[in-house]
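Please read it alongside the sequence and the coordinates.

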Amino acid sequence: SHKAYLTSKWYGTFDVSILVVLKDTKKALRFLDELNFFLPNKKDKIVFFPGYNILPFKSLAYHKETSTNRLAALSKIMNSDSEPLIVVTVVDTILQKLIPKKNLMDFAELVIANEEIDRDALVLKLESGGYSKTSLVEDPGEYSVRGGILDVFSPGEKYPVRMEFFGDLVESIRYFSVYTQRGIKEIYETIILPATEAILIKENLPHILARLRQAGTLAGLEASKIRSYVNETREFGRFPGVESMLSIVYEKLDNFFDYIPENTLLVMDSPGDLESGAIDFENKTLINYKATA
């Protein structure tokens with residue numbers, strides 16, 4: 001626990017954010033527990049950026065909870081100008097490319113009570129950001145529409161929000177309970193984040209589909225398989241597993257350090273172990289890549 005203790009002291013001494021990189025999730029979670037013990041009044045300033053726990057080039061869809069936790073962390077890191085953070089992550093995670101910072105910032109929607117916003121456009125935006133439409137909103141990444149009421153559970157929020165509209169005028173915004181579906185607290189504004197890192201805006205679909213066809217051809221997929229992906233994207237706006245193909249969704253990707261403030265203090269736990277872990281991760285990724293080729 002001495003490492004967490006030292007980190008907590010550095011945080012109290014230097015007026016900068018701290019990035020702590022550990023070898024694996026097990027070590028990271030133990031470090032987080034110890035850090036919360038030494039900084040009980042700064043728990044909201046300690047951010048864990050989780051990995052997907054799925055190696056690249058695996059034909060598996062990521063769990064929505066993983067996506068929403070990652071996006072909530074990225075949003076908090078992006079907006080850490082007011083007070084420094086302690087960001088904890090693992091070496092595998094920082095080796096992988098991320099949603100471009102600009103796309104995440106452009107999607108973030110500020111909704112303010114007693115101001116107008118195009119409700120239909122907002123619903124379309126939720127769809128492009130990977131939200132699932134449900135009858136009752138219970139988990140992050142879900143939304144529902146009932147008359148003039150729009151319920152949204154955005155990543156990073158403890159509770160979902162209920163927005164009451166009169167036309168395009170937002171009459172009220174309040175948190176509500178997922179258990180009782182009743183209002184808890186009225187608020188003045190809320191920020192809506194995407195539910196997945198794959199934001200498929202309608203205007204960008206021609207470019208996305210072109211990259212999809214090109215990637216499918218290079219991978220040696222049958223024309224019928226590529227066509228099914230294209231048709232599913234056109235009909236439903238996305239296909240399962242698209243989050244693992246961010247290089248198709250975006251022309252250029254960012255890395256984790258594009259999100260971290262420039263003057264961040266970097267703390268590496270056992271650099272030798274991190275290096276061996278990174279090499280092991282890259283080797284496993286290469287094996288997966290060759291298996292799909």
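In this predicted model, helix α7 (residues 205-218) and helix α8 (residues 223-236) have axes that come within 10 Å and cross at roughly 160°. An angle over 145° counts as roughly antiparallel, and α7 and α8 are therefore roughly antiparallel to each other. Strand β9 pairs in the antiparallel sense with β8 and likewise with β10.

**Helix pair α7 and α8**

- The crossing of α7 and α8 is right-handed.
- On the α7 side, the contact is made by Leu-205, Leu-209, Leu-212, Arg-213, Gly-216 and Thr-217.
- These α7 residues meet Ile-226, Tyr-229, Val-230, Thr-233 and Arg-234 of α8.
- By residue class, the contact of α7 with α8 comprises 6 nonpolar, 3 polar and 2 charged residues.

**Strands β8 and β9**

- Strand β8 spans residues 161-166 and strand β9 residues 169-176, and their antiparallel pairing extends over 6 bridges.
- Phe-166 is placed opposite Leu-169 of β9.
- The hairpin of β8 and β9 has 2 residues between the strands, and Gly-167 in this hairpin adopts a positive phi near 70°.

**Strands β9 and β10**

- Strand β10 covers residues 183-187 and is joined to β9 in the antiparallel sense by 4 bridges.
- Tyr-175 has Lys-185 in β10 as its bridge partner.
- A hairpin is also formed by β9 and β10, with 6 residues between them.
- Within the turn of the β9 and β10 hairpin, Gln-181 has a positive phi of about 60°.

Key:
Residues are numbered from 1 along each chain as its sequence is written. This is a predicted model: local features need pLDDT of at least 70, side-chain atom pairs count only at pLDDT 80 or more; totals for chains, interfaces and linings use all residues. Side-chain values use heavy atoms; hydrogens and water are left out. Axes are lines fitted to C-alpha atoms, for helices over the stretch in contact, and angles run from 0 to 180 degrees between N-to-C directions. Angles under 35 degrees count as roughly parallel, over 145 as roughly antiparallel, 65 to 115 as roughly perpendicular and the rest as oblique. A crossing is left-handed if the near helix is turned anticlockwise from the far one by less than a right angle, and right-handed if clockwise. Contact means heavy atoms within 4.5 Å. Ala, Val, Leu, Ile, Met, Phe, Trp, Tyr, Cys and Pro count as nonpolar, Asp, Glu, Lys and Arg as charged, and the others, Gly among them, as polar. Two strands pair if DSSP finds at least two bridges between them.
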